[in-house]
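Here is a briefing for a reader who is new to this structure.

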Amino acid sequence: MPHIAIISSSVRTERNSHRVALYFKDYLETNDLATVEILDLDKYHFPLFDERLMFQKNPSAETLDIAAKIKSADGILIVTPEYNGGYPASLKNVIDLLYNEWHRKPVAISTVTSGAFGASQVLISLQFILWKMRAWTVPALFQVPNIKDAYDESGNATDKASSDSTAANFINELLWCIEAKKRMAD
Ligand SMILES: Cc1cc2nc3c(=O)[nH]c(=O)nc-3n(C[C@H](O)[C@H](O)[C@H](O)COP(=O)(O)O)c2cc1C
């Protein structure tokens, strides 16, 4: 069974996008699709980036931990809010920390907003920087508008059937990329 690391990007007080990270953990585990760990950037609380891990002389335990978890995961699912049309600093902070860990890594992106339009702008900008890092961004959408109405604080979807149906297509693409990469490595 593949192992998927879910990056929950928002470190904002009273954040809402974490609900979607919780939803996906439950969705993947309940349907026996993957083993899952949430990498919660609010728990790591990295200091502002000052150098890439490969050039750090005394990397912190947290830095080594997230690097190992991203490297060993078969696929990554990033849950990100949209802030002023872009990604939160907390997410860029950790993406820049690493380099080879991203190479050919299947990465699916779920964008979350309290607004009505599903955060399309952050999707474009985040795809670009992941492409620059040589990650393999999965061509599938899971856009969440009106987050507070759509999921509760535990990650339960208000319209579970609809959410699960969209998640099935989205996760299927991520799993396809994970399987394709595995076959290439054989
Ligand atoms: C600094 C800031 C900028 C934001 N800019 C946008 C935006 O450009 N587009 C949008 O749809 N929502 C925007 N929002 C609202 C977020 O979508 C909302 O906070 C949502 O709950 C996801 O972020 P969270 O996980 O931090 O709660 C912004 C929120 C903050 C705090």
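K25 and E29 sit four residues apart in helix 1, so about one helical turn separates them. The two form a salt bridge, with their closest N and O atoms 2.8 Å apart. The model is a predicted one.

**Salt bridges**

- An α-helix has 3.6 residues a turn, so residues three or four places apart point the same way.
- K25 counts as partly exposed because its relative accessibility is 27%, between the 20% and 50% cut-offs.
- E29 is partly exposed as well, with a relative accessible area of 35%.
- Helix 7 holds another such pair: R183 and E179 are four residues apart, which again is about one helical turn.
- R183 and E179 form a salt bridge, and their closest N and O atoms are 3.0 Å apart.
- R183 is exposed, at 58% relative accessible area.
- R52 forms a salt bridge with E51, and here the closest N and O atoms are 3.7 Å apart.
- R52 has a relative accessible area of 34% and is partly exposed.
- E51 is also partly exposed, with a value of 28%.
- How many salt bridges does a search of the whole structure find? The search finds 11.

**Overall build**

- The chain has seven helices and six strands.
- From the N terminus, the elements run β-α-β-α-α-β-α-β-α-β-β-α-α.
- The radius of gyration is 16 Å, which agrees with the value near 16 Å for a compact globule of 186 residues.
- Along its principal axes, the C-alpha trace spans about 50 × 40 × 25 Å.
- Of the 186 residues, 46% count as buried.
- The accessible surface comes to about 9800 Å². Carbon and sulfur atoms account for 52% of that surface.
- Among contacts between residues at least 6 apart in sequence, 81% join residues at least 24 apart.

**Nonpolar cores**

- In soluble globular proteins, nonpolar side chains tend to be buried together.
- The largest nonpolar core has 29 residues. Those with the most contacts inside this core are I4, I6, V20, F24, L77 and F142.
- Strand 1, helix 1 (18-30), strand 2 (35-40), strand 3, strand 4 (106-112), strand 6 (142-144) and helix 7 (160-185) each give two or more residues to this core.
- Which element gives the most to this core? Helix 7 does, with seven residues.
- L77 touches residues that include I4, I6, F24, A108, F170 and I171, leaving aside residues up to four places away in sequence.
- A second, separate core has 27 residues, including A67, A73, I78 and L91.

**Helix 4 and its cover**

- Helix 4 covers residues 89-97. Its buried residues are S90, L91, N93, V94, I95 and L97.
- What covers the buried residues of helix 4? The cover includes strand 1 (3-8), helix 2 (41-44), helix 3 (61-72), strand 3 (75-81) and helix 5 (120-132).

**Aromatic pairs**

- A search of the whole structure finds nine aromatic pairs.
- The rings of Y23 and F142 are stacked, because their centres are 6.2 Å apart and their planes are at 20°.
- This pair links distant parts of the chain. Y23 is in helix 1 and F142 is in strand 6, 119 residues apart.
- Are Y23 and F142 buried or exposed? Both are buried.
- F142 also pairs with F170, and that pair is tilted. The distance is 5.6 Å centre to centre, with 50° between the planes.
- F142 in strand 6 and F170 in helix 7 are 28 residues apart, and this pair too links distant parts of the chain.
- F170 is buried, as is F142.
- Ring pairs link Y23, F24, Y27, F142, Y151 and F170 into a cluster.

Note on methods
Residues are numbered from 1 along each chain as its sequence is written. This is a predicted model: local features need pLDDT of at least 70, side-chain atom pairs count only at pLDDT 80 or more; totals for chains, interfaces and linings use all residues. Side-chain values use heavy atoms; hydrogens and water are left out. Buried means under 20% relative accessible area, exposed over 50%, partly exposed in between (1.4 Å probe, protein chains only). Contact means heavy atoms within 4.5 Å. A nonpolar core is a set of buried Ala, Val, Leu, Ile, Met, Phe, Trp, Tyr and Cys residues joined through side-chain atoms within 4.5 Å. Rings of Phe, Tyr and Trp (its six-membered ring) pair if their centres lie within 6.5 Å; planes under 30 degrees apart count as stacked, over 60 as edge-to-face and the rest as tilted. The radius of gyration is taken over C-alpha atoms; the globule rule is 2.2 Å times the number of residues to the power 0.38. Accessible areas come from the Shrake-Rupley method with a 1.4 Å probe; for residues, only the protein chains shown count as cover. A salt bridge is a side-chain nitrogen of Lys or Arg within 4 Å of a carboxyl oxygen of Asp or Glu.
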